[in-house]
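Let us walk through this structure from its overall layout down to single residues. Keep the sequence and the 3D view side by side.

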Amino acid sequence: MRVISIAQDSPDIAGCEEDSGIVRKVNLPLARREFLKGSGLLLGTLASGSMLATLAPSTAWALELKKLSTTEGQTLMAMGRTLYPHKKLPDAVYALLAKDLDGKAAGDAGAAKMLQDGIAWLNKSAGGDFAKASEKQREDIVRSMEGTAFFGTVRGQCITSLYDNDMAYAVFGYPGSAWEKGGYITRGFQDLKWLPEPSKEASPPPFLG
């Protein structure tokens, strides 16, 4: 079984530089098992037959944590899904949130303590395992932590970790940046299938000069 490393800092993962409006294959590098020796390890598989499964080189993925444990990483994944629930996004995307927060913890003892204390509180409040609590219970627990540094840190990191990666682009149908190619008017500005068709008054023909 091939295992994909989904670390965002890989030089092989492209950003928003494709030349067409078509979402390209998710080019994720294979990871050697001997590299996966950190404090924790998150593992999973992409759903067979899903869009990402057809774009990635393997359905199995793995992500190494340097500071946080596997259980702590899973708790952060569950909190991220509670804050920003997307049924279409696989666990592999939420694992990127745990990876980025783990990076903060590995480089800052204060951040590590704050994150680990917050994770411990989530699990304690859920009776032992926040990740396995019901959706309603997780939401209530997370809401009770609004205003804390832990809540703000995790929620803030979600914005970048969950949405600025090729897997999310593929799921949501985002073809990448277009400003350097003349903008979206000639690159599929009105080809979104998941938004209602606007009225002619709300969307007049573009002025092309």
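The model is a predicted one. On that basis, the chain has 7 helices and 3 strands. Their order along the sequence is β-β-α-β-α-α-α-α-α-α. The chain has 209 residues, and 39% of them are buried. Now take the contacts between residues with a separation of 6 or more. Of these, 69% join residues 24 or more positions apart.

Start with helix α2, residues 70-83. Its 14 residues should span 20 Å at 1.5 Å a residue, and the end C-alpha atoms are 20 Å apart, so the two values agree. Buried means under 20% relative accessible area. In α2, 10 of the 14 residues are buried, so the helix is largely enclosed by the rest of the structure. The buried set is Glu72, Gly73, Thr75, Leu76, Met77, Ala78, Met79, Gly80, Thr82 and Leu83. What covers these residues? The cover includes strands β2 (40-45) and β3 (60-65), along with helices α3 (91-107), α4, α5 (135-144) and α6.

Nonpolar side chains tend to be buried together in soluble globular proteins. Here the largest nonpolar core holds 44 residues, and Met79, Phe150 and Val154 touch the most other members. Helices α1 (51-55), α2, α3, α4, α5, α6 and α7 (166-172) each supply at least two residues of this core, as does strand β3. The top contributor is α3, with 9 residues. Leaving aside residues up to four places away in sequence, Met79 touches Leu122, Phe130, Val142, Phe150, Phe151 and Val154.

Next, look at α3 itself. This helix has 17 residues. From first C-alpha to last, α3 reaches 25 Å, close to the 24 Å expected at 1.5 Å a residue. Its buried residues are Ala92, Val93, Tyr94, Ala95, Leu96, Leu97, Ala98, Lys99, Leu101, Asp102 and Ala105. They pack against β2, β3, α2, α4, α6 and α7.

Strand β3 also holds Trp61. Is Trp61 buried or exposed? Its relative accessibility is 4%, so Trp61 counts as buried. Trp61 and Ala95 are 34 residues apart in sequence, and their C-alpha atoms are 9.9 Å apart in space.

Now turn to the pair α4 and α6. Helix α4 covers residues 109-125 and helix α6 covers residues 149-163. Their axes come within 9 Å and cross at roughly 100°. Angles of 65 to 115 degrees count as roughly perpendicular. The two helices are therefore roughly perpendicular to each other. On the α4 side, the contact uses Met114, Leu115, Gly118, Ile119 and Leu122. On the α6 side, it uses Ala149, Phe150, Thr153 and Val154. By class, this contact has 7 nonpolar residues, 2 polar ones and no charged ones.

Finish at α5, the helix that contains Arg143. The cut-off for exposed is over 50% relative accessible area. Arg143 has 52%, so it is exposed. Arg143 and Leu83 are 60 residues apart along the chain, yet their C-alpha atoms are separated by 9.2 Å.

Definitions and conventions:
Residues are numbered from 1 along each chain as its sequence is written. This is a predicted model: local features need pLDDT of at least 70, side-chain atom pairs count only at pLDDT 80 or more; totals for chains, interfaces and linings use all residues. Side-chain values use heavy atoms; hydrogens and water are left out. Axes are lines fitted to C-alpha atoms, for helices over the stretch in contact, and angles run from 0 to 180 degrees between N-to-C directions. Helices (H or I, at least four residues) and strands (E, at least two) are DSSP runs, numbered from the N terminus. Angles under 35 degrees count as roughly parallel, over 145 as roughly antiparallel, 65 to 115 as roughly perpendicular and the rest as oblique. Contact means heavy atoms within 4.5 Å. Ala, Val, Leu, Ile, Met, Phe, Trp, Tyr, Cys and Pro count as nonpolar, Asp, Glu, Lys and Arg as charged, and the others, Gly among them, as polar. The expected span of a helix is 1.5 Å times one less than its number of residues. Buried means under 20% relative accessible area, exposed over 50%, partly exposed in between (1.4 Å probe, protein chains only). A nonpolar core is a set of buried Ala, Val, Leu, Ile, Met, Phe, Trp, Tyr and Cys residues joined through side-chain atoms within 4.5 Å.
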